[in-house]
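Thanks for coming, everyone. Let me put the model on the screen, and then I'll walk through it.

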Number of protein chains: 4
Amino acid sequence: MDSNFFKNNNIHLDLAVEAREVVRGQTGQEIPGCIMEKETYDNATVTIVRIVEKYAEEIMGKPQGNYITIEAPGIRGNNKQTHQELVEILSKQLASLFNLPEHANALVVGLGNWNATPDALGPKVVGMTLVTRHMYNYAPEEIHGGMRSVSALSPGVLGLTGIETAEIIKGVVEHVKPELVIAVDALASRSVERIGTTIQLADTGIAPGSGVGNKRTGLNKETLGVPVIAIGVPTVVPAAIIAGETLDRLVAQVKDNPTLQGVYQSINSDTFQPIVNAILQPYTSGQLMVTPKEIDSLIENTAKIIAGGVSLALHPAINAEDYSQYIH
Amino acid sequence: MDSNFFKNNNIHLDLAVEAREVVRGQTGQEIPGCIMEKETYDNATVTIVRIVEKYAEEIMGKPQGNYITIEAPGIRGNNKQTHQELVEILSKQLASLFNLPEHANALVVGLGNWNATPDALGPKVVGMTLVTRHMYNYAPEEIHGGMRSVSALSPGVLGLTGIETAEIIKGVVEHVKPELVIAVDALASRSVERIGTTIQLADTGIAPGSGVGNKRTGLNKETLGVPVIAIGVPTVVPAAIIAGETLDRLVAQVKDNPTLQGVYQSINSDTFQPIVNAILQPYTSGQLMVTPKEIDSLIENTAKIIAGGVSLALHPAINAEDYSQYIH
Amino acid sequence: MDSNFFKNNNIHLDLAVEAREVVRGQTGQEIPGCIMEKETYDNATVTIVRIVEKYAEEIMGKPQGNYITIEAPGIRGNNKQTHQELVEILSKQLASLFNLPEHANALVVGLGNWNATPDALGPKVVGMTLVTRHMYNYAPEEIHGGMRSVSALSPGVLGLTGIETAEIIKGVVEHVKPELVIAVDALASRSVERIGTTIQLADTGIAPGSGVGNKRTGLNKETLGVPVIAIGVPTVVPAAIIAGETLDRLVAQVKDNPTLQGVYQSINSDTFQPIVNAILQPYTSGQLMVTPKEIDSLIENTAKIIAGGVSLALHPAINAEDYSQYIH
Amino acid sequence: MDSNFFKNNNIHLDLAVEAREVVRGQTGQEIPGCIMEKETYDNATVTIVRIVEKYAEEIMGKPQGNYITIEAPGIRGNNKQTHQELVEILSKQLASLFNLPEHANALVVGLGNWNATPDALGPKVVGMTLVTRHMYNYAPEEIHGGMRSVSALSPGVLGLTGIETAEIIKGVVEHVKPELVIAVDALASRSVERIGTTIQLADTGIAPGSGVGNKRTGLNKETLGVPVIAIGVPTVVPAAIIAGETLDRLVAQVKDNPTLQGVYQSINSDTFQPIVNAILQPYTSGQLMVTPKEIDSLIENTAKIIAGGVSLALHPAINAEDYSQYIH
């Protein structure tokens, strides 16, 4: 699918690694102004994409900053030890993106709609986060050691509240005055392979307009005045992408067949769109989503891993074992 | 898609109207041994397919009996008056499929998994059904007038209980001794257009192996010893079908182009399967489903309509207004 | 129980009519600076207590303002027509407490903890409220006629977020700039008779420290800068009150017996407290609550009535029938 | 409270240790035909009451058999290691009550109403139980080693289904043919101290009429034809008991005062009942329950402990660590 297809179907690619694939697919070359690193663990591969030059922003369709993708098929599994390892990897990668004083104040924001299972990840993480801010001022300083003041909020979505998410967060940030915001959100991906296998961290916050079909004002340093780290997890693929990808692959086969070159030239994204529309009607692009049947338990498990990683990264005095001891 | 595609992808077409379309699509002719009637209402079209001859069973892939399809886009809407009209249409059509004495005993069975939103329709209907059996023996006969003895059960799914649904129902039927079983189930459809717009009634019960990806022993007169009416509502489309349908439509376009006849001949269902597999991996066919984003509220509304229709059909003394008065 | 008992057990009387009863119980006289009116409906009695003089504030333990109590045993029932009547009564009484321009902007706040059934009333009402603010600026003015710009928010409770409810609301109010805040909350009552039968409206907002056991900063004109109407519904009685009330009644019997006057004088609230503590330990006062078994469905029904009343009062163009048509 | 109070208020004491206390309170002596043992653990005390003689049945109000009470305040806590120890204690005590062949077939039944939080314990345990029966016949025998064939069912309550729980279980037992039934249920207790601190096991099954206010036919060897072990957990105290207990304690104080002997003689259970009725009206005894505010999370944690203990006891090949590894 070319980038027109994404535009036409109102699909925003939330994952930097996917955006990079699309760009490289078109040009076949490394992207200038972009650095990539890889780390390998028993149960995960970590890819770090750093957009370091201003001019690379437009090519990638993403602002300058660091994008960390944790790929771990074990997220979908039920093995608790694997999950604990992922909590530790996530915690370490997350901590690499911020630099906070010992007694700093952080706000965890769970984006998304708690009434729609695949979009409920953020609110679920908020419900499992180790919140300390309300006890922080009462507790003697010695027990602060290694604990930070953490608060957490699920603002809901525009359709439920009538208020832009960013407005709510802004109002709360002005009162709570955190030194860091961590925003957790369910994402749409271009590939079903990413559902339940990928976690993305980005120190650029959330750009305007991303997320599962909800346009919104960005949550980032410009809008909130404090650094924002976004944690995103693909939980759905728009049905339009499944249709588009199918056409792409058929065409790729035809293209390799020398006698069918003529056909290939007659098939392009203008041919695609009416077909995709016909299949998805009466729904519009963006209303239909592909999810695995076990999405309810997948969201539950993923929320536990993320809440664990966030809590460990924010409270350095708690180690992974303590954490798994006290929260379950 | 030819019927091989459905077989290969382990997709069972639950709707008789869809099966009929597939068959007619292949032969282009009316199906012998099959009668079709249509009724039109303000907010609904009702199609009745009667498989009247034994030999039509194999062609249609469905046992002899009556299949009533109510098509009503208003199911997806939020207009309560439309919903009330649908309750009445459903009630009338349902009543046309059974012939019960005044004081008969009926059991409503809600199939499906309450932990997976699109599959939770049956259990939700059971939760909203007007149950009377436990009070029936204590109440004086005069207030029985027009009320029947109704009980209701959600047996869960094999993965949750370790017990075949049919075994549980059989055991309960032997004790409760109903004269009719009504089984409500969420279905997979071949078309997203059917999601939230279609209700199917069938007096043949539920065939072995149908439902959202769950193989099961049938629930019908042979297995339970009493008539079984199935109420099915499409709530998902397997993602494999979206992919298959896309290919079909592209091919159809190519086919109409005289210069591309050669291409058309080189593309068939053997070409399709690897493409579909590649797009859906690592998931297998049947694990990935397409649903509208608002599936949670769609299931809730549909359950209300069905519970209403079932309660009115079973308790003739209650009219639609009474019902909407006492249950909400 | 004398007022010491309430203080000792950290019980705050949220209902003005109850506070009035306690005060009158002690003095046996009408309360100066306080006006009381009554209206009678088929299914409800409405009592309006107006605290009109400053000096009555201390006697009543409540700030100057209007307190409307709707008593309607039908809230607990399942009759939809009764519920519709209550929606209209609530709407009318609520509208009597504010005076808003045609295009005003109102914010509905649902206080309480969605994870604790009896305290989830506020969040449930928010989920059912007809929210329009996000569409308001896009819609042409002629369809504004009689609709106001309404937004809604459930801030959660301190233990879940680490943030004082009032801080969140304040931050949001500064951005949304509503001309009225309506805050819905579940209350503790001193009498089980009030559970599921009483709705209280007050144009004084919410005082610091009230609500089901949660200390909090007040939500009122002083703290938020805009008028605040509180809608409260008793959903629990603290278990300590049941114990205290039992002792009271036994003592009342003894008191009437002339030969036992001596006993009566030896029993006072100092005798009571150790008994109450012993019965409720290891729980502390305020941790144990009395609720009816059917509390889950009671909260659901009450939330529907309140969301209906609020929506009708805020959108005068919608009449009760329209409302029941479009939302269910 | 004397036993008339319990009878008058339709309160059945589910815990054998409580029944024993009531009986001993009346007679002040050890109960003949009854043996008591105690085991002490770091985080729990285990009391085993064996009713060994027929004539002790009537005194205790419970059938002959073994009643094991695990008292552990840590159930209410959030320490996972304590919970894991309780899983092991429960598993060991449970295993002491049955004697099953290696490949036996067991059915776990979750009694109670999933729509009423304090009564949802049984259904929640069923949802967390390690079910194997559906895979058992397909798996090669060598991997059966130490695993038994386990199925699980939540039948719902009479008000939801119109069918006696015992009828449903009986029907299922006839088809599944288990060699053991384990029935999990939430209980009413006479003391708030027991809520969230006590688990009772009994190899006598469930007597007719017990449970949280639901009369029902017994689930035991006579009715089902196979041994039934009941696991009960107090989650509520009837509000009538709080009132009754308060009166008891006041009277006990008066009784010790020599000058008030006259008063004491004038106060008896006939004096009590009208007082209790007056306080709880318009609710009847049994409709109002006392629970801790955190009942939702208490039920969740307790269900995890019980599902763990049941799974370990039924599958000896799984040790506690494996279990906590795979389920969470």
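C:Pro282 sits in the loop that runs between helix H12 (269–280) and strand E9 (288–292) of chain C. Helices here are DSSP runs of H or I with at least four residues, strands are runs of E with at least two, and both are numbered from the N terminus. The peptide bond from C:Gln281 to C:Pro282 is cis, with omega near 10°. Now chain B. There, B:Pro282 lies in the loop between helix H12 (269–280) and strand E9 (288–292). The bond from B:Gln281 to B:Pro282 is cis, with omega near 10°.

Ground rules, quickly. This is a predicted model, where local features need pLDDT of at least 70, side-chain atom pairs count only at pLDDT 80 or more, and totals for chains, interfaces and linings use all residues. Residues are numbered from 1 along each chain as its sequence is written, chains are lettered from A and ligands numbered from 1 in the order in which they are written, and side-chain values use heavy atoms, with hydrogens and water left out.

Next, backbone angles. Most residues other than glycine have a negative phi, and most peptide bonds are trans. A:Lys177 is not a glycine, yet it has a positive phi of about 50°. It is in the loop between H8 and strand E6 (180–188) of chain A. Is A:Lys177 buried or exposed? Exposed, with a relative accessible area of 59%. The cut-offs: buried is under 20% relative accessible area, exposed is over 50%, partly exposed is in between, with a 1.4 Å probe and protein chains only. Over in chain B, phi of B:Lys177 is near 50°, again positive. B:Lys177 is in the loop between helix H8 (165–176) and strand E6 (180–188). At 59% relative accessibility, B:Lys177 counts as exposed.

Chain D next. D:Thr132 is in the loop between helix H5 (121–128) and helix H6 (133–136). D:Thr132 counts as buried because its relative accessibility is 6%. What does it touch beyond its neighbours within four places in sequence? D:Met147, D:Arg148, D:Ser149, D:Val150 and D:His315. Contact means heavy atoms within 4.5 Å. A polar atom of the D:Thr132 side chain lies 2.8 Å from the backbone nitrogen of D:Val150.

Now the interface of chain A and chain C. It puts 23 residues of chain A in contact with 23 residues of chain C. The two chains bury about 1,900 Å² between them, 59% of it on carbon and sulfur atoms. Buried area is the accessible area (1.4 Å probe) that two parts lose on being put together, summed over both.

How many salt bridges cross the interface of chain A and chain C? The rule finds 2. It asks for a side-chain nitrogen of Lys or Arg within 4 Å of a carboxyl oxygen of Asp or Glu. One salt bridge joins the side chains of C:Arg133 and A:Glu167, at 3.0 Å, N to O. On the chain A side, helix H6 (133–136), strand E5 (149–153), helix H7 (158–161) and helix H8 (165–176) each supply at least two residues. H8(A) gives the most, with 8 residues.

Last, chain A overall. Its secondary structure comes to 14 helices and 9 strands. Of its 328 residues, 60% are buried. Among contacts in chain A with a separation of 6 or more, 74% link residues 24 or more positions apart.

Definitions and conventions: Polar contact = N/O pair within 3.5 Å; in protein donor to acceptor, adjacent residues only side chain to side chain.
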